[in-house]
Amino acid sequence: MPRRSYDHYCAVGRALDVVGDRWNLLLVRELLSGPRRYSDLFADLPGISTDVLAARLKDLERDGVLRRHRAGPRATTVVYELTPAGAALRPVLDALSAWGTPLLGERGSTDAVRAHWLALPLSRAIAEQIRTGTVSVHIGDTVFHVVVTGDGVTHHDGPAATPDLDLHLDLPTALAVATGATPLAEAAPEFPSPAAGSRAR
């Protein structure tokens, strides 16, 4: 199906032609930390149908935001990952995450949540505490690591090989930190304060 367009000769309009459809930016959010299988994406995007997921993946692949390739010992598993153009959307997602945080309010009874959805706000909270370093974040069974450098902040699936710190939070505490209700220093007293130095340790 041809891509719909606003037909606005405007950079924002052109960008929204690519990522403005429903679910597109949430798919980018899911892929920011690393490759995902189709089944992973479907499981972590509650409410999406298989038809819509397949269509959005096809559209984003066509537009150069993600790529599909085979992985695994025998290259039998199909995974999706961001291209450099897709990864360049991280600041956009981070800005949307910061802008949307005040809109969260109380979690509704029907609101889905996944621990890894907190990676962007927790990355910001960690970056406010340290100038450089690597922190493995454990929220229940979910583990990702945050890398803070002079060039910015990224997060990646799984624990870091040699983290400067391991941060363990339960989901309610992680949500409180992500929404700004609880400062990271209060939730994790062992975490260094910004005055403690430039690195996490």
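Hi everyone. Two notes before we start. Residues are numbered from 1 along each chain as its sequence is written, and side-chain values use heavy atoms, with hydrogens and water left out. As the model is a prediction, local features need pLDDT of at least 70 and side-chain atom pairs count only at pLDDT 80 or more, while totals for chains, interfaces and linings use all residues.

Let's begin with helix 7, residues 119-129. How many of its 11 residues are buried? The count is 8, so helix 7 is mostly covered. Buried here means under 20% relative accessible area, exposed means over 50%, and partly exposed is in between, with a 1.4 Å probe and protein chains only. The buried residues of helix 7 are Ala-119, Leu-120, Pro-121, Leu-122, Ser-123, Ala-125, Ile-126 and Gln-129.

What does helix 7 pack against? Two packed helices are described by the angle between their axes and the distance between the axes. The axes are lines fitted to C-alpha atoms, for helices over the stretch in contact, and the angles run from 0 to 180 degrees between N-to-C directions.

One partner is helix 8, residues 171-178: the two pack at an angle of about 70°, with axes 9 Å apart. That makes helix 7 roughly perpendicular to helix 8. For the wording, angles under 35 degrees count as roughly parallel, over 145 as roughly antiparallel, 65 to 115 as roughly perpendicular, and the rest as oblique. The crossing of helix 7 past helix 8 is left-handed, meaning that the near helix is turned anticlockwise from the far one by less than a right angle; clockwise would be right-handed.

Which residues meet there? From helix 7 we have Pro-121, Leu-122 and Ala-125, and from helix 8 Ala-174, Val-177 and Ala-178. By class, this contact has 6 nonpolar, no polar and no charged residues. Contact means heavy atoms within 4.5 Å. As for the classes, Ala, Val, Leu, Ile, Met, Phe, Trp, Tyr, Cys and Pro count as nonpolar, Asp, Glu, Lys and Arg as charged, and the others, Gly among them, as polar.

Another partner is helix 6, whose axis comes within 9 Å of that of helix 7, crossing at roughly 90°. Helix 6 is therefore roughly perpendicular to helix 7. Here Arg-90, Leu-93, Asp-94, Ser-97 and Ala-98 of helix 6 meet Leu-120, Pro-121, Ser-123 and Arg-124 of helix 7. This time the classes are 4 nonpolar, 2 polar and 3 charged residues.

Now look at the loop between helix 6 (90-100) and helix 7, where you will find Thr-101. Is Thr-101 buried or exposed? Its relative accessibility is 17%, so Thr-101 counts as buried. Not counting residues up to four places away in sequence, Thr-101 touches Arg-124, Ala-178 and Thr-179. The side chain of Thr-101 also reaches the backbone oxygen of Ser-97 at 2.7 Å.

Thr-83 is another threonine in a loop, this one between strand 3 (77-82) and helix 5 (84-87). Thr-83 counts as buried because its relative accessibility is 14%. A polar atom of its side chain lies 2.5 Å from the backbone oxygen of Gly-64. Leaving aside neighbours within four places in sequence, Thr-83 is in contact with Gly-64, Val-65, Leu-66 and Arg-67.

Among the residues Thr-134 touches, beyond four places in sequence, are His-145, Ala-160 and Leu-165.

Let's finish towards the start of the chain. Asp-7 is in the segment before helix 1 (11-19), and has a positive phi of about 55° although it is not a glycine. With 66% relative accessibility, Asp-7 counts as exposed. Trp-23, in the loop between helix 1 and helix 2 (24-31), also has a positive phi, near 85°. Trp-23 counts as buried because its relative accessibility is 13%.

Helix 1 has its own buried residues: Gly-13, Asp-17, Val-18 and Val-19. These pack against helix 2 and helix 4 (50-62).

Conventions:
Helix = DSSP H or I, 4+ residues; strand = E, 2+ residues; numbered from the N terminus. Polar contact = N/O pair within 3.5 Å; in protein donor to acceptor, adjacent residues only side chain to side chain.
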